[in-house]
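Subject: Structure for you to look at

Hello,

Here is the structure I promised to pass on. Please open it next to this email and follow along.

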Amino acid sequence: MLDSQPPSFDRFARWTERQVGSPTAFVLAVAVIVIWAGSGPLFGWSDTWQLVINTGTTIVTFLMVFVIQSTQSRDTRALHLKLDELIRVNQTARNSLFNLEEMSEAEIEEVKKTFDRIVSLPAETR
């Protein structure tokens, strides 16, 4: 399993995430679609004309899946570490929840049921 990635890819993924998520990138994407659609009559609405946009969007989508997954995984790991630290320093927190993301679905469901029971208790007894 490929767990770690080179720091250069991390930097590239973060930079790409910021750029692609910007209003400028959205406007640029809309402009590409408008130009492509506007050029339809010029190319006679040909199969090649359609193939250009289909191929381009497929390639971009395929590559962005990896960038998005990388940045989401990094954000999730960072969030877990922050939450683990809050659990660690809170005297009333349950340390058993530290590695909740590593538990099976059945174990997570049991924890959820426990919290559901706690929430249903009157506020004074929680």
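**What I found**

Start with Ala25. Setting aside neighbours within four places in sequence, Ala25 is in contact with Gln19 and Val20. Keep in mind that this is a predicted model. Ala25 sits in helix α2, which covers residues 23–38. Is Ala25 buried, exposed or partly exposed? Its relative accessibility is 23%, so Ala25 counts as partly exposed. The cut-off for buried is under 20%, and exposed means over 50%.

**Helix α2**

α2 has 16 residues. From the first C-alpha to the last, α2 reaches 22 Å. That is close to the 22 Å expected at 1.5 Å a residue. How many of the 16 residues of α2 are buried? The count is zero, and α2 is hardly covered.

α2 does pack against α3, however. Two packed helices are described by two things: the angle between their axes and the distance between the axes. For α2 and α3, the angle is about 170° and the axes are 11 Å apart. Angles over 145 degrees count as roughly antiparallel. α2 and α3 are therefore roughly antiparallel to each other. On the α2 side, the contact is made by Ile33, Trp36 and Ala37. On the α3 side, Trp49, Gln50 and Ile53 take part. By class, this contact of α2 with α3 has five nonpolar residues, one polar residue and no charged residues.

**Helix α1**

Next is α1, residues 7–20. Its 14 residues should span 20 Å at 1.5 Å a residue. The end C-alpha atoms of α1 are 20 Å apart, which agrees.

Which residues of α1 are buried? They are Ala13, Arg14 and Thr16. Look down the axis of α1: the buried residues fall within an arc of 165°, so they line one face of the helix. What covers the buried residues of α1 includes α3. Then turn to the face of α1 that points away from the buried side. That face carries the exposed residues Pro7, Arg11 and Arg18.

**How α1 meets α3**

α3 runs over residues 47–89. The axes of α1 and α3 come within 9 Å and cross at roughly 105°. Angles from 65 to 115 degrees count as roughly perpendicular. α1 and α3 are therefore roughly perpendicular to each other. From α1, the contact is made by Phe9, Asp10, Phe12, Ala13, Arg14, Thr16, Glu17 and Val20. From α3, the partners are Met64, Phe66, Val67, Ser70, Thr71, Arg74 and Asp75. How do the residues of the contact of α1 with α3 divide? Seven are nonpolar, three are polar and five are charged.

One is Trp45, in the loop between α2 and α3. Phi of Trp45 is near 50°, a positive value in a residue other than glycine. The relative accessible area of Trp45 is 47%, so this residue is partly exposed.

The other is Leu81, in helix α3. Its relative accessibility is 60%, so Leu81 counts as exposed. Leu81 and Phe98 are 17 residues apart along the chain. Their C-alpha atoms are separated by 9.2 Å.

Over to you.

Best wishes

How values were computed:
Residues are numbered from 1 along each chain as its sequence is written. This is a predicted model: local features need pLDDT of at least 70, side-chain atom pairs count only at pLDDT 80 or more; totals for chains, interfaces and linings use all residues. Side-chain values use heavy atoms; hydrogens and water are left out. Helices (H or I, at least four residues) and strands (E, at least two) are DSSP runs, numbered from the N terminus. Buried means under 20% relative accessible area, exposed over 50%, partly exposed in between (1.4 Å probe, protein chains only). Contact means heavy atoms within 4.5 Å. The expected span of a helix is 1.5 Å times one less than its number of residues. Axes are lines fitted to C-alpha atoms, for helices over the stretch in contact, and angles run from 0 to 180 degrees between N-to-C directions. Angles under 35 degrees count as roughly parallel, over 145 as roughly antiparallel, 65 to 115 as roughly perpendicular and the rest as oblique. Ala, Val, Leu, Ile, Met, Phe, Trp, Tyr, Cys and Pro count as nonpolar, Asp, Glu, Lys and Arg as charged, and the others, Gly among them, as polar. The arc is that of the directions from the helix axis to the C-beta atoms.
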